[in-house]
Every structure is written in C-alpha cells, then in structure tokens.
Amino acid sequence: MDYRRLGASGFRVPALSFGAGTFGGKGDFFKAWGSTDANGARRLVDICLDAGLSMFDSADIYSSGESETVLGAGIKGRRNDVIISTKATFRSGEAPNAVGSSRHHLIEACEASLKRLGTDYIDLFQLHGFDAMTPVEETLETLDTLVRAGKVRYIGVSNFSGWHIMKSLAASERYGYPRYVANQTYYSLVGRDYEWELMPLGLDQGLGAVVWSPLGWGRLTGKIRRGQPLPATSRLHTTADLGPQVPEDHLYKVVAALDAVAAQTGKSVPQIALNWLLRRPTVSTVIVGARDETQLRENLGAIGWSLTAEQIALLDAASERPLAYPYWHQRDFEERNPRPV
C-alpha cells in the first residue's frame, strides 16, 4: 500500500481508505448501502489492515451514528493501528442547535463521535458541508480548541465551494488557527467537476483530496451496460436520485472506454476506475466501500499496478465534459493558467 501526504501536512495516509457508510444499515437510505454489523466489521477491518489499508472514514449522520458505533467495535483493541476520519455539520437531531458548524454543535458532535467510536481522539475531523449561518471565525476557533485539547489532530472539509475554502483559509492565516489540509470531495470518471476549481485550489493551498464515491455513485461497478436492467443488488434502485447525476449517454461512453482498457489489462472495471483516480493530481486517498469481503478484495486490487499513459489518455478523452463558465474561458488562456499536473 502506497502512503501519501495528506495535503501539505506532515501526516501520511494510505492511497485507499475504507468508507464505513456500509456499517449499521439504519434507515432505508443507508440500508441500501449496506448493513454490516460488528462481527462483519471486524472481518473487513482485518482484511484492510492485512493489505496495508489503515484509514477508516465515517460520519455522525451515517445510519444515525450507528456507522461510528460499528466501526468502533470493529477497531476495538487496535486503535494504534488505524486512522479514523469522521465528519459533522449536518443535522443530527431535532434540537434547534443540532446542526451546523457552530461552537455549540461541533463540540457536541465531536464528543458524541468520540464516545461512539470508543476513542479519545479523531485523526481527521471534517466539516460535512458549509454552514453559511455561522461565521468561519467561530467554526475555526472551535476546531482550534478541539485540536489543542488533543481530541482532533487534523481538520478538513467536504462539499465546500472554492470560495468557502479560501474564506476559511484566510481566517486561519489571520488568527493563527489550524488550516484545513483535506477536502473530502466527489470525484470519478463520470464526475470530473472537481478538476475545474477545487483541484487547482488544492494544489495552490495544500489540500489533499479524500475522494468519496469514486465509482460514480455505484455506476462504475462493471455491471451496468447499455440496454440492460440494473443489477438486483444495485443501490441505484433507491438512491439514484439522491446522488450525483450522470447522463446515460455519457455513462455508457465512459463504460465503453473502461471495457476497452479492461480487455488490455485483465483488470476489472472498478479496479481501472480507481487506478485512474490514484494517478490524478492532489489525490491523497480514495475511499472504497464494500458490502462484503469479495467486494473489498476486488477494490484492493486497484493498487500495485499502473495504467499506461495511452490508457489514461483514452479514459480522459471518454470522460471529458464541456466546462462551465469561467473555466472554459480560462482554458483558452492556458499560457498563464496551466492545467493541474
């Protein structure tokens, strides 16, 4: 397993991380992801650690906290062997202040996550979304308090716009608060919007991408083909409208390119899609999920080999989408706005 720097920090994380969204299965939405219990979690953690995958990602809203509870049971007795990443900000209860990035909610959320995970510190604590109702100074001062107390070691964001991140980094510099070093972001061969602004920002400001849904919300499993029904086990049956949207023609164009590379390499479609991401600028770690041991082992097969330059170019061309303004205009001025490398 390759280990990479998390953004501009001195902390190193594995190229692949495990997403614990499949743990718990509480509620219809998360049940569609998976419903791994504590015994199943221990087995999956065993396989991950044997492969050198030591980072596990969750969030307080995953299965209403049950994901963190199951993850805590799965890593029990092995805390020093693992890296824990979790998130807070979204509504976690009915109380008026059980939401957002206020001092009140972040402290409560962090304490609750620590208890569910069975640990006294979180390696990477991320804001799950931007809270426009709370001053960024209040949020960062709170995160600074948690870092100084030893309850959080590194901080990051998820689902932020570029200006959200820059406003926060400016406040960190002004007041001496910790800087965000991670951006947990959606990025896949069928969703490359991250490259337009957030990737150049990550290079410039030292934020490492922690990639979520690298298989395009379950579309790049190798089981979806033009003219064929969805597999019976696909979570797209119940979650397709709740995640990133992909035009069908574009999806099938990318799948055709993946099939061509699969024929050349002998690798599976998911392995190729994950390997492509691991070659991209700013990517620190790619989060893979798994309902079972078979799926996990297949995802782990994405490492230990590399696509050729020609294969990457084929996938790049098939997955390219028209840029929104002002990004298409900036690309016409590539002399002074070079593409990320």
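User: Which residues do ring pairs link into a cluster?

Analyst: The model is predicted. Rings of Phe, Tyr and Trp pair if their centres lie within 6.5 Å. Ring pairs of this kind join up into a cluster whose members are F29, F30, W33, Y62, Y186, W212 and W217.

User: How many aromatic pairs are there by this rule?

Analyst: The rule asks for ring centres within 6.5 Å. Applied to this predicted model, the rule gives a count of 20 aromatic pairs.

User: Are the rings of F130 and F160 stacked, tilted or edge-to-face?

Analyst: The ring centres of F130 and F160 are 5.3 Å apart, and their planes stand at 80 degrees. Planes over 60 degrees apart count as edge-to-face. The pair F130 and F160 is therefore edge-to-face.

User: How many residues apart are F130 and F160, and where in the chain are they?

Analyst: F130 is in the loop between strand 6 (122-127) and helix 5 (136-148). F160 is in the loop between strand 7 (152-158) and helix 6 (162-175). The pair links distant parts of the chain, and the separation is 30 residues.

User: Is F160 buried or exposed?

Analyst: Buried means under 20% relative accessible area. F160 has a relative accessible area of 5%, so F160 is buried. F130, at 23%, is partly exposed, whereas the class of F160 is buried.

User: What is the centre-to-centre distance in the aromatic pair of F130 and W163?

Analyst: F130 also forms an aromatic pair with W163 in helix 6, 33 residues apart. The planes are at 65 degrees, and the pair is edge-to-face. The centre-to-centre distance is 5.8 Å.

User: Is W163 buried or exposed?

Analyst: The cut-off for exposed is over 50% relative accessible area. W163 has 53% relative accessibility, so W163 counts as exposed.

User: Is E195 buried or exposed?

Analyst: E195 is found in the loop between strand 8 (182-186) and helix 7 (198-205). Its relative accessibility is 14%, and the limit for buried is under 20%. E195 therefore counts as buried.

User: Which side chains make polar contacts with the side chain of E195?

Analyst: Leaving aside neighbours within four places in sequence, E195 is in contact with Y187, P200, W276 and R280. With the R280 side chain, E195 has a polar contact of 3.2 Å. A polar contact of 3.0 Å joins the E195 side chain to that of R192. The partners are R280 and R192.

Technical notes. Residues are numbered from 1 along each chain as its sequence is written. This is a predicted model: local features need pLDDT of at least 70, side-chain atom pairs count only at pLDDT 80 or more; totals for chains, interfaces and linings use all residues. Side-chain values use heavy atoms; hydrogens and water are left out. Helices (H or I, at least four residues) and strands (E, at least two) are DSSP runs, numbered from the N terminus. Buried means under 20% relative accessible area, exposed over 50%, partly exposed in between (1.4 Å probe, protein chains only). A polar contact is a pair of N or O atoms within 3.5 Å; within protein, one must be able to donate a hydrogen and the other to accept it, and residues adjacent in sequence count only if both atoms are side-chain atoms. Contact means heavy atoms within 4.5 Å. Rings of Phe, Tyr and Trp (its six-membered ring) pair if their centres lie within 6.5 Å; planes under 30 degrees apart count as stacked, over 60 as edge-to-face and the rest as tilted.
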